[in-house]
Number of protein chains: 4
Amino acid sequence: MKRHPRVTASEAAHRYALRVYYEDTDAGGVVYHANYLRFAERARTEAMRGAGASHAAMTQETGLIFVVCRAEVDYLAPAHVDDSLIVLTRPHSVRAAQVVIEQSIVRADAPDRALAELRIDLACIRAADGRPARIPPRWRDALAGTSGE
Amino acid sequence: MKRHPRVTASEAAHRYALRVYYEDTDAGGVVYHANYLRFAERARTEAMRGAGASHAAMTQETGLIFVVCRAEVDYLAPAHVDDSLIVLTRPHSVRAAQVVIEQSIVRADAPDRALAELRIDLACIRAADGRPARIPPRWRDALAGTSGE
Amino acid sequence: MKRHPRVTASEAAHRYALRVYYEDTDAGGVVYHANYLRFAERARTEAMRGAGASHAAMTQETGLIFVVCRAEVDYLAPAHVDDSLIVLTRPHSVRAAQVVIEQSIVRADAPDRALAELRIDLACIRAADGRPARIPPRWRDALAGTSGE
Amino acid sequence: MKRHPRVTASEAAHRYALRVYYEDTDAGGVVYHANYLRFAERARTEAMRGAGASHAAMTQETGLIFVVCRAEVDYLAPAHVDDSLIVLTRPHSVRAAQVVIEQSIVRADAPDRALAELRIDLACIRAADGRPARIPPRWRDALAGTSGE
């Protein structure tokens, strides 16, 4: 099950550090599987903020939000309470109204081994009515600028 | 630590049954402490619905919502994955703009022993601006009708 | 985005009903995307119990647990607070040490439209050390018996 | 409802910064009430680590854990998505087998106004059987050293 992260800590990837707390774990002694999606969303939020184009600003200025329309997660190795994790985030493709993000979650002390790999499809929609919308240029450029394309 | 539930399964108390799943537990092997507040809120929601005055209807018809303004929880014994629990709910006092609810959480197969006791203070506010508001008569009567007063 | 559920309420599918509470939603006004994985796990747990082969019994009797090793979720339409949902669950394939489950989430009052479609790969492992293990016959048969194969 | 934090950012209090994400909020547009307990636990964990006596080390070295046996939370003002919060943590009293912690949650840009005040009673127990245990000296001293006593 040992696998190198698909998204590595290259220049192109955003790094988000987090600590695992009891709230994140389950009675199996490991991080509950749904919570990787939460970690990944925290990292995407900070990646956008770090690129100077925060999600909150997009919502306030344009009334648009990104919503997850598809998620794929491969769980490769468990994480435990008190682990120090890093989420590596990289846009895979940026289209008019949709973005595909690739993310890898690794332990800070073993960054060459992926605990989880995610591929998240985001759609840009109008918060008011949920209709699809084009990603505003500022956010599109920020996302594309950090992608490998 | 064995303590009889303050709210017992008398006629006056609403009973809400739930099952504990992995999502509710933590690496200590027991239900994570914050999740008792979630169980309690599910039970309050169903108690109001059962009294013919649902929270969702209040929000839709009047623009008002109940928010938790104070919570006290005593944790007396742990709950485990797959446990079948019952939340007993009884309004303690109903005032113009505030309600105090008492709740006990027990195991279905040992209802004389409280796992947790809660006292929740709810304030009625306007969803639009958060200002305090009087509880509409229909909801006030429904809550008072199920209280021990 | 309207799509018929891949898993329909046929005889072969297990039906699990749940209500959406505030805890399940986010500030976008809809169910938070990670929480569909929680709903799905509740349903899988009850589907196994309903087939007479509960997950908890497997862990107690054999020391084995199922863990999610891959998840795919398509988010097709949002769910809102107070919605009454049904999770339809059907094993897609049952192998020696792995099971693939297909699940659809629908609204109880509009069961012909999927809100979300999930495909969950479960691995059977030893709880003590995480090593892969064969699914015990009783659980294998129970899972296979409810599959479409 | 404006109230100065009971625990202020004095030398004696530990400061833990966090960001509010969508996962933390509910359809009311604000942080879900149960999640303040999660924020508070993250802060207590880091306060112990910062005092050189981490909870994880206590569990590994002594088999003991702290569990919440009582929680009181006053909710004074809401927090919103993308808010930058600070949790101020100070032990109120340290006894042989129990600790009482006081915590205030404030916005980083308005630290003189408490959003929530918490008082958390922790019991030291043996992880294996849940029996009460004396807090080991190293952890007791670390906790007492940061208390106002």
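## Symmetry of chains A and C

In this predicted model, chain C is superposed on chain A by a rotation of 180 degrees with 0.0 Å of shift along its axis, and the RMSD of that superposition is 0.0 Å. The two copies are thus related as by a two-fold rotation axis. The same surface serves both copies, since 100% of the contact residues of chain C recur in chain A.

Among the residues of chain C, C:Glu72 comes closest to the rotation axis, with its C-alpha at 2.2 Å. C:Glu72 also belongs to a network of salt bridges that links A:Arg70, A:Glu72, A:Asp74, C:Arg70, C:Glu72 and C:Asp74.

Within chain A, strand 2 (residues 64-75) and strand 5 (residues 110-126) run antiparallel and are joined by eleven bridges. A:Arg70 has A:Asp121, in strand 5 of chain A, as its bridge partner, and A:Arg70 is also one of the residues linked in the salt-bridge network described above.

## Helices

Helix 1 (residues 35-50) of chain D has 16 residues and reaches 23 Å from its first C-alpha to its last, a span close to the 22 Å expected at 1.5 Å a residue. Of its 16 residues, 14 are buried, so helix 1 of chain D is largely enclosed by the rest of the structure. This helix is followed by D:Gly52, whose phi is positive, near 80 degrees.

## Salt bridges between chains B and D

Over all chains, the structure holds 56 salt bridges. One of them brings together the side chains of B:Asp74 and D:Arg70, with an N to O distance of 2.9 Å. This pair crosses between chains, from strand 2 (residues 64-75) of chain B, where B:Asp74 lies, to strand 2 (residues 64-75) of chain D, where D:Arg70 lies. Both B:Asp74 and D:Arg70 are buried.

## Salt bridges within chain C

Helix 1 (residues 35-50) of chain C contains both C:Glu46 and C:Arg49, which are three residues apart, about one turn of the helix. C:Glu46 forms a salt bridge with C:Arg49, and their closest N and O atoms are 2.9 Å apart. Are these two partners buried or partly exposed? C:Glu46 has a relative accessible area of 14% and is therefore buried, the cut-off being under 20%, whereas C:Arg49, at 23% relative accessibility, counts as partly exposed.

A further salt bridge of chain C joins C:Arg126 to C:Asp129, the closest N and O atoms being 2.6 Å apart. Here C:Arg126 counts as partly exposed at 37% relative accessibility, and C:Asp129 likewise counts as partly exposed, at 40%.

Key
Residues are numbered from 1 along each chain as its sequence is written. Chains are lettered from A and ligands numbered from 1 in the order in which they are written. This is a predicted model: local features need pLDDT of at least 70, side-chain atom pairs count only at pLDDT 80 or more; totals for chains, interfaces and linings use all residues. Side-chain values use heavy atoms; hydrogens and water are left out. Copies are superposed by least squares on the C-alpha atoms of residues with pLDDT of at least 70 in both. Contact means heavy atoms within 4.5 Å. Helices (H or I, at least four residues) and strands (E, at least two) are DSSP runs, numbered from the N terminus. The expected span of a helix is 1.5 Å times one less than its number of residues. Buried means under 20% relative accessible area, exposed over 50%, partly exposed in between (1.4 Å probe, protein chains only). Two strands pair if DSSP finds at least two bridges between them. A salt bridge is a side-chain nitrogen of Lys or Arg within 4 Å of a carboxyl oxygen of Asp or Glu.
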